[in-house]
Amino acid sequence: PSPSKDSIRNILKKVQDMYPTLRSFAWMSPDGVNLVTTNPVTEGRKSTQPDQFFREAAGEDRVVSHVYISPYSGDQLFTIFTGIRDSGGKILGVVSCVCVVDKLGQVLSVQREKDAGISIIDKKGIHVWRYPPTEYKPEQRNWIQFYPMIKDALAGKEVLSSVISESTGNR
């Protein structure tokens, strides 16, 4: 039997409460409509990021959006989509959640040796976040121009590299 909307919402809220960097969990239909969300205002609305959603529906297991600015809070965000399929591979729906970039430090702030750090780039190769924090000028955020191997990583190839930042001197 199908669980009720309240049951699904409670599950989504419990997961959201476990991970403070994530918010706005949603269960979406295969055509991108928010069926149940932790933010009831968005229920019944179509996904605002259809390019990622339809790539998801076409067969990718997981899709992470580019970084965008929330028109409501001004926060830097990205969305993670995960397809839910039946045993035959047919898409039943998609679970999505929004990640708040400024809260990543709560889970990723791992002290590294010397001046080494942890960085996250979006699917376009644009630098999003670093620990320890480092300020970058807009022209320093396009990491594909500084680190060509990032193109391979974004294309799904395994890449292992240690680099010294040309823009900051950090490792």
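Analyst: Let's start with a definition: helices (H or I, at least four residues) and strands (E, at least two) are DSSP runs, numbered from the N terminus. This is a predicted model, where local features need pLDDT of at least 70 and side-chain atom pairs count only at pLDDT 80 or more, while totals for chains, interfaces and linings use all residues. Residues are numbered from 1 along each chain as its sequence is written, and side-chain values use heavy atoms, leaving out hydrogens and water.

User: Thanks! What makes up the protein chain, in helices and strands?

Analyst: The protein chain has five helices and eight strands. Along the sequence they follow the pattern α-β-β-α-β-β-β-β-α-β-β-α-α.

User: Where is Ser24 placed, and what is its phi?

Analyst: Ser24 sits in strand 1. Its phi is positive, about 55°, although Ser24 is not a glycine.

User: Why does Ser24 count as partly exposed?

Analyst: Buried means under 20% relative accessible area, exposed means over 50%, and partly exposed is in between (1.4 Å probe, protein chains only). Ser24 has 28% relative accessibility, so it counts as partly exposed.

User: What makes Arg9 and Asp6 a salt bridge?

Analyst: A salt bridge needs a side-chain nitrogen of Lys or Arg within 4 Å of a carboxyl oxygen of Asp or Glu. For Arg9 and Asp6, the closest N and O atoms are 3.1 Å apart, so the pair meets that cut-off. Both residues belong to helix 1 (residues 5-18), three residues apart, which means about one helical turn separates them.

User: Are these two partners buried or exposed?

Analyst: One of each! Arg9 has 13% relative accessibility and counts as buried, whereas Asp6, at 51%, is exposed.

User: Which parts does the salt bridge of Asp75 and Arg23 tie together?

Analyst: The side chains of Asp75 and Arg23 meet at 3.2 Å, N to O. Asp75 lies in the loop between strand 4 (68-69) and strand 5 (76-85) and Arg23 in strand 1 (residues 22-28), so the pair ties together parts that are 52 residues apart in sequence. Asp75, with a relative accessible area of 23%, is partly exposed, and Arg23, with 27%, is partly exposed too.

User: Why does the pair of Asp152 and Lys157 count as a salt bridge?

Analyst: Their closest N and O atoms are 3.9 Å apart, so this pair also falls within the 4 Å cut-off. Asp152 is partly exposed at 35%, while Lys157 is exposed at 52%. Salt bridges that share partners also join Asp6, Arg9 and Glu43 into one network. The structure holds four salt bridges.

User: Which residues touch the most other members of the largest nonpolar core?

Analyst: They are Phe78, Val101, Leu104 and Trp129, in a core of 16 residues. Helix 1, strand 1, strand 6 (91-100) and strand 8 (127-131) are the elements that give two or more residues to this core. The name nonpolar core is used for a set of buried Ala, Val, Leu, Ile, Met, Phe, Trp, Tyr and Cys residues joined through side-chain atoms within 4.5 Å.

User: What is Trp129 in contact with?

Analyst: Contact means heavy atoms within 4.5 Å. Leaving aside neighbours within four places in sequence, Trp129 is in contact with Val101, Leu104, Gly105, Leu108, Ile118, Ser119 and Ile120.

User: And what share of the protein chain is buried?

Analyst: Of its 171 residues, 34% are buried. Among contacts between residues at least 6 apart in sequence, 39% join residues at least 24 apart.
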